[in-house]
Number of protein chains: 2
Amino acid sequence: MSIGFITTASGASWQDVAVDRQRHRDATIAELHPPLPVLLADNIPLNTTSIPDKILTDEERTITGANVEDLLVKLATGEWSSTAVVQAFMRRAGLAQKLVNCVTELLPDRALRRAAELDEYLATHKKPIGPLHGLPISVKEHIGMKGLDMNGAFIGSVGNTAEKDAVVLEPLWDAGAVFYVRTPEPQTMMQLETSSNLLGETVNPYNTTLTPGGSSGGEGALIGLRGSVLGIGSDIGGSIRSPAAAVGIFGFKPTSGRIATRGWFPMMFGAEHIIPTNGPMSTSLAGLKIFTKTVVDGKMWLKVPSVVPMEWRDTSSYFPDRKLKVGVLWDDGVVKPHPPINRAMTELVEKLKKSENIELIDWKPWKHDLAWEIIASLYFADGGKEVISYVESSGEPFRPLSQWIIRDNPHVKEHTIRSLWDRIIQRDGYREDYAALWNETAKTTSDGKMVDVILCPAAPGVAAKLNTSKYWGYTSQWNLLDYPAVVFPVQDQVSVEKYAPYAYPADYKPKCESDEYNWNLWREHGSEGYRDAPICLQLVSRRFNDESLLEALEIILEEAGLPTTC
Amino acid sequence: MSIGFITTASGASWQDVAVDRQRHRDATIAELHPPLPVLLADNIPLNTTSIPDKILTDEERTITGANVEDLLVKLATGEWSSTAVVQAFMRRAGLAQKLVNCVTELLPDRALRRAAELDEYLATHKKPIGPLHGLPISVKEHIGMKGLDMNGAFIGSVGNTAEKDAVVLEPLWDAGAVFYVRTPEPQTMMQLETSSNLLGETVNPYNTTLTPGGSSGGEGALIGLRGSVLGIGSDIGGSIRSPAAAVGIFGFKPTSGRIATRGWFPMMFGAEHIIPTNGPMSTSLAGLKIFTKTVVDGKMWLKVPSVVPMEWRDTSSYFPDRKLKVGVLWDDGVVKPHPPINRAMTELVEKLKKSENIELIDWKPWKHDLAWEIIASLYFADGGKEVISYVESSGEPFRPLSQWIIRDNPHVKEHTIRSLWDRIIQRDGYREDYAALWNETAKTTSDGKMVDVILCPAAPGVAAKLNTSKYWGYTSQWNLLDYPAVVFPVQDQVSVEKYAPYAYPADYKPKCESDEYNWNLWREHGSEGYRDAPICLQLVSRRFNDESLLEALEIILEEAGLPTTC
């Protein structure tokens, strides 16, 4: 299945395979007409986000400036052709690659053929083929596409061709989507950054000394530059939300039983102790909703029985005649967030305090250190053997953060069935204890109803300096609980000297080693070091409350006067 | 926690503990007023079902002859007091114990106190306390009740007092139920019979040489004698459906995510590879529905997050304007069912063929031998270590069928994480392959809709001779797939010389060792050996189609002219 590929299986060195895959990627970009200009590394500023608009045509700027909900209207009416739209996004994605290294390959052949078919369909039938007619969607590489390489960023797996499209792509395709670009993930897929030996390091479009987060950081960086306005990521510990937060977009990790993951690169299949999920990343809240509704209503459960047959409950009346109750978790009690996050939390809460439609309740952190211990001990129940063997199959070295999360992680050990069951018991106990916390809030609210959602940081800081993303707790907490969680921008960026009131106290005593590490990052780099990094927060709800979570976010943004697009 | 108990922990022999628990059981029955007569073993006929009516009063006969739906009306109006109702059922349950050994303990104190409170409530408020006001419900022993022993039939665990009621009991209690009797399970709970060293062997009320099935065979035998009309069993391989089929009642195993199992005896907690569930056993289909709706609508997911927050969809319009499509699985391709089952299948199918509201589709068996191999290798992923240590803690010997399923089972081995994951991958692959079978049926039906339900045997024969229930495939198949499955009586019993047209062919060649074993059982015992055993069949549907499954059964019974009560 590796015709035309240079692979380690056929004797090439891992370095040669990497060079060949990068050559292939660049070749797909070189197919674009008209060709993109050469960008010299020396001329790329720290903040790259203004560059694409300077290179693209007016039409391309307009198209790539539109969000999902606007694109769908223009595409459905034929005001913009599918071909023009995907062409604009491919050119912008090609530029994004040159700026921040966020593309695995463009798919100009497939995409333009598909777009032409859709244009013809619209011309013939005078109606769109489906609700996503012509919508370009970017896809993280390990989510398989028929006939294309699926390597999971392991160099030894280059040459592994997907036999089918991943199940999640089917309802999107049926609804009229155009898949046009694939995006990288980090080595082992278990990093909150996006760094591999195969494709190198993806960087943050707002500040190239920072990570765009991970593991869906290819999507993050691409969407941050509007080389896509809707992409598919995946999340088992923050991999959708970390990059969404790092680049200031919307990212949604649904409850695990809503969307099929069948058709992914086969890493640790059979491990059901912590369940990953697909989810959307978008420049708009509407983009998240449209994606999730389309996919869920695709009845994937008919093919993949692990998906719960629960249709999308598309209502705007979850909180019709009562206040939305928002628990506020300022700090997880383990790692104190950096000043920009504290400031964003404070400012949003101050705005919400003025709303008559929202009731705020203090949410105390509850053993988030234990939560991390539990999830970290369940991620690699085989002691990391399978992942390590994927890395070692090519001779490529471990990248720093995959070394850190697997080999240097004190919670990773090869379980026996007994020790596995003990951890699962502990996990279920933690989930039940956390459920009890929600139930108890009914005693503290004005009308005896429970808290609906928790507002909290999405990370212990804004986008991190490369290779420093070592604290997963603000996102992995909700994977352990299998809660739906959405990240959203608060329309603000880090700039120098804005954070004095939110600074660490002069006599700050770190709570633990992780807290000290995080504190030192701020002391070393300060606001100047994180200049221009976007600021995001996170909203979470209970298991399967996916629909009402997105409605709650809409209410919060409206009440706070924040936009639902970026 | 073992005050007042003789336990092995405090030095007693396992035999002494068993004697003491049996003494305790008999003492709770002796508390009844008026006392029950002594029944001499020599005077108990093979078929015991007519005996209780000869001993009980007219009122007691009338009350215990009513089904759930009738009891609820009488209780809600006060025509029958809660006290009278539970008193009648306790007396009948006491008799059932004397006839077939199906009681762990009666709870006269608790039950009469509760009933008195309910009677007072009704008198004061002129309305029932809830939809189950005064309804007596029997409970399998391993489903914990606060302050009572919870030993899971392990002698070494006698003295282990439950700290809380099991979560499933809470919505029933809130709705007005009266818990009045607890019923035995077999040693290890992993038998399709009900045999333990603690309480001995439970036998079938219709023929005491036969098993009442298991592991919820205490419930089965009790309900078979109408010592209860609604009981709670549990099922991971057939443990609700086997006893329901053995005694000719209704038994329902829901999809696993619908009902919380928290609060069970802690055997193999953490094992989530095959998930057990609670479910109802009843003398009426309405009993199953009322139970499940009440429990599901109790929102157990608020306490136990592994429960999916899906309310009971109580509609009678799943098949409003189209034919119900019934797949017919005559034989699982591994073990050919005995003639009485073949006859029952044939006669029901013949009746359904005449219905305009039903379309029958042949359902071919698909690798049910592989299905058994997968589930058997996942039941005891620790090689049975935990279960074995529970047995061995008291020095009690293994009973034959627990020896057979654990120690002599070639598929039981202690897994590594790798071999566990490989089996889970195989399980998920099997589930997806089976889903594809359903999807493909759309090509063969008259209107292009898929099959709704599968009609099949509930077991490879009627109630088995003691210690011969070795083929689980007809029920465990649906546990592997996590499909809801319901067993129902076809109002017929085994009698001599009725089965000639359904006999094994003279030149029958068994398909495998299990088939030969089953064939030999019929050759050895014949219809005379199974005299008076009731005959049941099974209906199954896809995951989470619990509500529509019960509606489909109602339609099938109506179309076939079969009653929905027994």
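**Domains and helix packing**

In chain A, the C-alpha centres of domain 1 and domain 2 sit 25 Å apart. The bounds, 14–302 for domain 1 and 324–560 for domain 2 of chain A, come from an automatic or database domain assignment. This is a predicted model, where local features need pLDDT of at least 70 and side-chain atom pairs count only at pLDDT 80 or more, while totals for chains, interfaces and linings use all residues. Residues are numbered from 1 along each chain as its sequence is written, with chains lettered from A and ligands numbered from 1 in the order in which they are written.

Where the two domains of chain A touch, domain 1 puts in 56 residues and domain 2 puts in 53 (contact means C-beta atoms, placed from the backbone, within 7 Å). On the domain 1 side, α9(A) gives the largest share, six residues (helices are DSSP runs of H or I, at least four residues, and strands runs of E, at least two, numbered from the N terminus).

Over in chain B, helices α12 (368–379) and α16 (473–480) pack at about 70°, their axes 9 Å apart (axes are lines fitted to C-alpha atoms, for helices over the stretch in contact, and angles run from 0 to 180 degrees between N-to-C directions). That makes α12(B) and α16(B) roughly perpendicular, a label covering 65 to 115 degrees. Among the residues meeting here are B:Trp372 and B:Ile375 from α12(B), and B:Gln477 and B:Leu480 from α16(B).

As for the two chains, 30 residues of chain B are in contact with 30 of chain A.

Definitions and conventions: Angles under 35 degrees count as roughly parallel, over 145 as roughly antiparallel, 65 to 115 as roughly perpendicular and the rest as oblique.
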